[in-house]
Amino acid sequence: MLVDFFSWGCFSRPNYLIGTGSYDITGPAADVNMMGYANTEQIASGVHFRLRARAFIVGEPNGKRLVFVNLDACMASQLVTIKVLERLKSRYGSLYNEENVAISGIHTHSGPGGYLQYVVYIVTSLGFVPQSFDVIVDGIEKSIIQAHQNLHPGYIYINKGELLDAGVSRSPSSYLNNPPDERARYKYNVDKDMTLLKFVDAKWGPVGSFNWFATHGTSMSRTNSLISGDNKGAAARFMEDWYMQRSDSSQTSRDDYFVEEAIYNVSSLGQSYRRISIIDRSLDDSLHEIAASVKSTGGRLTERSISVSSRVRGSTGNGDKPEFVAAFCQSNCGDVSPNVLGAFCIDTGLPCDFNHSTCNGKNELCYGRGPGYPDEFASTRIIAERQFNKATELFNSATEQLSGAIDYRHVYLDFSKIEVKLPPVAPGNPEPVVKTCPAAMGFAFAAGTTDGPGAFDFQQGDDHGNPFWKLVRNLLKEPTEEQVNCQKPKPILLDTGEMSLPYPWAPAILPIQILRIGQLVILSAPGEFTTMAGRRLREAVKETLLPNKSGEHGHDIHVVIAGLTNTYSQYVTTFEEYQVQRYEGGSTLYGPHTLSAYIQEFKKLAIAMVNGEVVEAGPSPPDLLDKQISLLPPVIDDMTPLGINFGDVKQDVPKNASYMKEDIVEVTFWSSCPRNDLMTEGTFSLVELLQHNGDWRPVYDDDDFCLRFKWSRPAPLSAYSHATIRWEIPKTATPGIYRIRHFNAAKNLLGSIQHFTGSSSAFIVS
């Protein structure tokens with residue numbers, strides 16, 4: 001044990017209990033609108049890679065605990081949070097509750113929607129989608145259960161560093177409206193710092209890493225239809241695989257598999273034994289003969305458990321050792337885009353208008369370009385790799401150990417009517433008192449951003465609106481004069497805070513929360529703060545904490561913002577940025593003093609934490625589950641043509657196919673609607689490698705960036721459907737004989753569901 005302590009850099013007794021957990025939250029991969037872009041045509045039709053909830057629990061050995069959950073989802077949901085807390089109360093009593101549990105979204109725009117409870121956020125998903133909601137609630141609960149079961153004495157290290165090429169400002173003209181002296185204090189117009197935690201179990205060594213860095217989950221475009229965790233979800237998968245391969249060098253890696261003399265036994269496929277030699281990874285004619293003899297299996301019934309057991313990665317670690325969990329959390333990403341090459345007009349190739357992000361007056365033509373342009377998958381991978389590389393650097397060099405108390409404060413606030421005291425205009429003058437407003441969305445909201453432009457004639461930077469759209473607005477709800485004046489200079493397009501049919505359109509009651517682990521302070525914020533808004537909030541809280549501290553950590557306080565946490569209420573800009581009314585200002589719901597309200601109320605929580613004071617809970621948010629409306633039609637019946645089984649191959653690999661690394665393999669199967677079974681903790685797609693004993697070993701599945709499951713119908717109302725599995729062969733793939741396999745579940749008219757599988761013919765990778 002002493003050797004282990006030295007190898008991990010731990011020389012003192014463990015000061016915390018730590019535990020990590022992870023669980024699948026991949027929602028319906030068909031028919032459901034994606035959450036984020038509000039594009040009605042962006043309907044899920046497959047899986048790029050699966051989504052997960054990743055949790056950590058930190059506790060004092062005989063004292064307080066806190067929970068942080070990072071979701072591969074667009075944002076947290078108030079209704080999800082309510083139901084998770086109900087389940088935790090039923091299971092653990094008061095141990096985990098609204099005060100010490102934070103649930104945060106990474107802001108991918110490629111996850112199924114329909115899991116929030118307010119009307120404006122579920123319009124494009126045809127209302128509430130129970131499947132989307134249930135799988136997220138289940139996954140969060142199970143990730144917390146895992147973390148709780150994995151609690152052991154351990155250490156937490158913190159590190160911080162600059163990542164320069166993973167985010168740019170998408171609203172630089174808005175940022176420039178902030179005071180020059182304030183801007184002069186910062187080198188960049190977006191935050192470049194990544195803050196990372198390294199969790200080290202006293203027995204098992206490193207078990208997790210969570211970091212916060214601000215960049216949008218919009219590397220995948222508004223037309224992508226494959227479920228994806230975007231750049232942050234991919235970075236998490238890359239880091240978990242990196243640690244698994246690094247720490248398990250005693251076992252053969254799937255990408256380092258090498259057989260000097262391999263015996264391929266294909267008797268299980270009805271073939272004869274064959275013995276060949278593979279010297280220096282070269283393939284001879286005998287290997288091609290074997291591959292040619294392995295034909296597609298045809299579709300057949302199977303058990304759901306086979307899909308789960310076929311996964312490449314286990315979820316329970318090795319033996320008693322917990323699985324390593326890596327999470328790439330969101331921060332104040334409001335005006336930060338991963339499309340780092342800038343915004344250009346798709347018709348001319350010229351840069352977009354600086355102030356309005358338009359091309360000849362049209363916002364629909366202005367798009368940001370990622371580093372892999374025009375390939376959005378390449379852009380996602382590159383931004384993910386940049387975050388992953390910085391995270392591994394910080395992980396490997398982390399030396400500052402967290403120490404000190406665990407603490408937390410939480411409060412619910414009615415943001416539609418907070419009175420805010422502003423600093424006096426001059427010394428000796430009274431403090432002006434202003435108010436926040438009921439929620440409203442401006443015309444600039446409908447213009448979208450350079451990550452995903454809106455439609456019609458809306459423009460960013462519009463502080464007037466136009467008569468036609470105001471007339472349309474008034475058919476839904478005409479804002480009162482008081483509301484118009486409160487929201488100025490935002491021209492109101494949707495007065496969501498005053499719309500309540502069939503139930504509330506937007507939230508009024510929001511949670512804010514501070515979590516403390518020694519010298520780390522996490523600010524749980526239910527929105528997307530812009531860069532400067534986040535800087536002001538962090539600075540205000542830090543200045544509040546420092547003069548009141550007892551000297552336990554002096555100036556070594558780290559403050560991070562966890563954006564999109566516990567619920568969602570869109571954007572938060574500075575007062576100056578709000579005046580410009582670009583997209584972020586038009587989406588700041590509660591008026592020009594929203595940020596001032598957040599700063600005031602977070603400072604109150606910080607003071608209460610320092611003084612050990614109890615904070616009143618505040619007004620509870622509504623639970624609107626019973627009021628939800630769902631208009632998404634159910635799956636009625638899956639069918640195949642006469643003589644064809646589910647799982648049969650429709651388009652196989654070419655006869656005697658041989659591929660090189662970086663080639664693309666595609667196989668299409670007769671399939672069914674993936675809404676019948678989400679294959680939670682399982683897989684729809686699988687790449688298998690033939691072993692010397694004739695067994696097929698899974699090597700790539702739904703969790704791999706290189707493998708895509710694309711689902712389609714030949715016609716919109718057809719009961720037939722196809723699954724195309726596309727494998728981009730990695731550079732690290734092992735030469736050998738492969739096949740592609742598909743899992744799914746079919747539903748008949750009586751509602752019965754049967755699972756099936758099918759495999760392609762074999763092919764060579766050389």
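Are Asp31 and Arg675 buried or exposed? I opened the notebook with this pair and found that both Asp31 and Arg675 are buried. I note that the model is a predicted one.

**Entry 1: Asp31 and Arg675.** I looked up the contact between the two side chains and found a salt bridge, with N to O at 2.8 Å. I then located the partners: Asp31 belongs to strand S2 (residues 30-35), while Arg675 sits in the loop between strand S32 (664-671) and strand S33 (685-690). The pair links distant parts of the chain, 644 residues apart.

**Entry 2: Lys83 and Glu86.** I recorded a salt bridge here, the closest N and O atoms being 3.4 Å apart. Both residues lie in helix H2 (residues 78-92), separated by 3 residues, about one turn of the helix. Glu86, at 43%, counts as partly exposed.

**Entry 3: Arg386 and Asp165.** I found that these side chains meet in a salt bridge with an N to O distance of 3.5 Å. Arg386 is in helix H9 (residues 376-397) and Asp165 in the loop between strand S8 (152-162) and strand S9 (168-169), so the pair ties together parts that are 221 residues apart in sequence. I noted Arg386 as partly exposed, with a relative accessible area of 24%. Asp165 is also partly exposed, at 36% relative accessibility.

Conventions: Residues numbered from 1 in each chain as written. Predicted model: local features only at pLDDT ≥ 70, side-chain atom pairs only at ≥ 80, totals over all residues. Heavy atoms only, no water. Salt bridge = Lys/Arg side-chain N within 4 Å of Asp/Glu carboxyl O. Helix = DSSP H or I, 4+ residues; strand = E, 2+ residues; numbered from the N terminus. Buried < 20%, exposed > 50% of the residue type's maximum accessible area, 1.4 Å probe, protein only.
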